[in-house]
Amino acid sequence: MSEYQSVLLLFLFMLPVIFMVDTSLVMIRRAPLHIENRLAAITTSLLALMIFLRYIQQLLPADQTLTIAAYGVYPLGIASSSMSVLLHMTTTSKYLRFSRLSSIGAAFAPLILYYLLLFIKGKHFLFTGVRTEAFWKQALFAPAMHVVLGTIFLFSIFNLTVSLIARAKAINIVESKRYTVLFKANLFYQLAALLATLLFFGFSPQIYIPDTFIFLAIIIWCISLRIFMRYDFLPSAEKKYELLYHLSPAAIVMLDKKMIMKEANPGALRLLGVSKEEELKGLSLSAFINESERKGVEEDYAASFPREAWRNRELTIRDRQGQKRTILVDTETMSESEEGFVLVVIRDITQQKEEARLVHFLAHHDALTKLPNRYHFNRELEASLDAVKSSKALLGVMLIDLDRFKLINDTLGHHYGDEALNEIAKRLLNNINDDHLLARLGGDEFIILIRDANEYDEIVSFAEKIHQAFQHPITLQGQDFYLGGSIGISVHPFDDNSSAGLIKRADIAMYNAKNSGGNQYRLYTSDMIVLVQRDVKLEKHLRKALARNEFVLHYQPQIDLLSGRLIGAEALIRWQSTELGMVHPGEFITLAEQTGLINEIGQWVIAEACQQGRHWQELGWDDFILSVNVSSRQFMQPDFVDKVQEILRSSSLEPARLCLEITESMVVNNLNVARKMLDELVALGIHIAIDDFGTGYSSLSVLRQLPIAIIKIDRSFITDMDAYQGGISIVKTIVSMGHDLQKQVVAEGVETLDQLKQLKLLGCDKAQGYYYHKPLPLVEFNKLLINKCGA
């Protein structure tokens, strides 16, 4: 062999060997513990060793060529083919399932077959000899060797196929690129091997072409891997960042110095509302930024590139569908050269911002009505107080407490109570303007801040307007409820200069309005605090009054107008307090209802009256009817009927001798419940009377539906009989209506002889009032009874 031939062989064989060894080292260094990297490195190393032995084969004498080929070159070639099969099976295992044992068995089947034939049959069974042409030496294949080489060819087809299938099944762009690399490497190897085979078998009879060129085709496989290695088809430390780039939920884009997008990950595609990366190429990120912010962002980007990084810069963008999003932007310059680019990481914080807004809203607003809450109102009130310090404007606080709201919760349930609160909130909102702030304090309390009032009368006029909003009923389940509102008002700077002081004084004024009968407004005055303090003192002693037996009953006679006989009496409670003296019912009944003591007090009144009624019954007053007032709160107790029945049983009073007086509002606001309870009471034999008739909201249809025996005309109508002619007409109408409905009619508050005469002419059945007698203590009433009996 000439020196020229030796140099040619060295160049032809050793350069590919060096290239393949270097490729193997690169692969193993990328991730030495990963199985795919190990398999790829081993495959490439086996190929390099095979080529190296092929070089040695050419340097040795011809008689040693066959031995090196049989025991070195071809076993290494078959082994590398087996390892490449394992590599492809492992790489595509996510989409193509192969068991470990079957994979290893199938991959090494050709190598096992080769060695069995080699050791059993000998090398001459696989090779027929050696052919020498010039300085080339190559082994000649026997038919059995063609079978082995055919299996290796099938392996290469298998590698090509599985990489193609995995590429088609890839679920993201990273995996798609990975399998594309494998597919191209196998495809180029197949083409190179096919070309070398065609040259070998097609032209070798005319032109000598050594089979070494077929083996050198595998170098194409390595070169392909090396070229496409930038796509990280094998795991590596750098690949982790590639995976992070593609799989990160955050949007990541690459921008040039003009803010043009050069690259975008899937997260950026989702954020910007596009399906393909190509749709963003050449577009500026600023095109998606909200128009009001765009110019400033572009200027800031141009000024900061490439020196300053952005950290948590908040921007507003609109995606391709026009959806508005809030984002946080972080930037990092990747190169400081003229052609450098900026890595931009974008986090979509739209949901976090919405949740933050919701949390802020819930912290400052009522969850039911969506009105500002107590905390929000207090802050606004303090801010408004600071604002009016330098002006002469007035500032008002209006506190509203709903009247009889508990009736809705007790009769219809809390769901309808909430519905009523929402309706009240809407009505109030319809009556305020931008200078007002409406808030819900909680329960059935609302509060209004009145800003920048120029005159005191403005606040009074507004109070009138709000008061009128409560004069219309709320309809729930087909029933009309007249709630009413007790309103208290305080005004800065007259009443107080602090937020807490203004609210406190508005509360005192509201309390005064409620104690005065409710459904009205009161402006705070300094003497109201005295009334509040008295109520506090009253409540303290009221809680002890029952235990101390401080309550007594007075009795006001009821007279039959036709015969002039004493036929009954109304039992009226009085409080003879040890500390406070005689306390009028008007001072403590409302307080008892507010504190819940009315239930015990009311039960005591009925029991005491029934005991006394039984005593009079035993004295022979068999047709004597005793009337007792029942409060709305007491009447709505679920066990009210049972308690009355037990009192009748324990007192032995005939039920027909007892009349329970209820108000119109108790009936109208709770029609279904009232009807059931009244039916049960009437079934016991008790009489039912409507007290203060004409002052509420009764209708003929309601009176027809309920088992009411007696209508009591309110004293205000009796007084009006003397004032103007229309007053007589009203009483005449009530009497006529009552008789048409077959009800007895009782006139309350009869104080003059003229009133009595008019009532007799109108046909009124009974009367009571100061004309006859004021409410009498028991001793005096008994004397009256004795006198009547004696008469």
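**Notes on the predicted model**

1. Asp 496 sits in the loop between E13 and H17. Helices (H or I, at least four residues) and strands (E, at least two) are DSSP runs, numbered from the N terminus.

2. Before going on, a word on the basis: this is a predicted model, in which local features need pLDDT of at least 70 and side-chain atom pairs count only at pLDDT 80 or more, while totals for chains, interfaces and linings use all residues. Residues are numbered from 1 along each chain as its sequence is written, and side-chain values use heavy atoms, with hydrogens and water left out.

3. Is Asp 496 buried or exposed? With a relative accessibility of 18%, Asp 496 counts as buried; the cut-offs are under 20% relative accessible area for buried, over 50% for exposed and partly exposed in between, with a 1.4 Å probe and protein chains only. Setting aside neighbours within four places in sequence, Asp 496 is in contact with Val 491, Gly 501, Leu 502 and Arg 505. Contact here means heavy atoms within 4.5 Å.

4. Leu 502, one of those partners of Asp 496, belongs to helix H17. Its relative accessible area is 0%, so Leu 502 is buried. Not counting residues up to four places away in sequence, Leu 502 touches Leu 381, Leu 385, Leu 395, Val 397, Ser 490, Val 491, His 492 and Asp 496. For His 492, which is 10 residues from Leu 502 along the chain, the C-alpha atoms of the two are separated by 7.3 Å.

5. Now for the sheet in this region. Five strands form an open sheet in the order E9-E10-E8-E13-E14, with mixed pairing; two strands pair if DSSP finds at least two bridges between them. Strand E9 (436-442) and strand E14 (521-523) are the edges, each pairing on one side only. From one strand to the next, the twist averages 20°. Helix H17 (residues 499-515) packs on the sheet and touches E8, E10, strand E13 (485-492) and E14, and its direction makes about 145° with that of E13. Axes are lines fitted to C-alpha atoms, for helices over the stretch in contact, and angles run from 0 to 180 degrees between N-to-C directions.

6. Within that sheet, strand E8 (residues 394-402) and strand E10 (residues 445-453) run antiparallel and are joined by 7 bridges. Leu 394 has Ala 453 as its bridge partner in E10.

7. Which strands pair with E15? Strand E15 (residues 551-560) has 8 of its 10 residues buried. E15 pairs with strand E16 (residues 566-577) in the antiparallel sense over 9 bridges, and Gln 556 stands opposite Glu 570 in E16. The hairpin of E15 and E16 has 5 residues between the strands, and Gly 564 takes a positive phi near 75°. Strand E24 (residues 776-777) also pairs antiparallel with E15, over 2 bridges, with Leu 776 as the partner of Tyr 555. A further 2 bridges join E15 to strand E23 (residues 766-767), again antiparallel; there Ile 559 stands opposite Ala 767.

8. Another hairpin is worth a look. Strand E5 (residues 313-318) and strand E6 (residues 324-333) run antiparallel, with 6 bridges, and Ile 317 stands opposite Arg 325 in E6. There are 5 residues between E5 and E6, and Gly 322 in the turn has a positive phi of about 85°.

9. On the helical side, the axes of helix H4 (residues 100-121) and helix H5 (residues 143-169) come within 10 Å and cross at roughly 170°. H4 is therefore roughly antiparallel to H5, the label for angles over 145 degrees, while under 35 is roughly parallel, 65 to 115 roughly perpendicular and the rest oblique. Residues making the contact include Leu 113 and Tyr 114 of H4, and Met 145 and Phe 155 of H5.

10. For the whole chain, the secondary structure comes to 29 helices and 24 strands. Buried residues make up 50% of its 791 residues. Among contacts between residues at least 6 apart in sequence, 64% join residues at least 24 apart.
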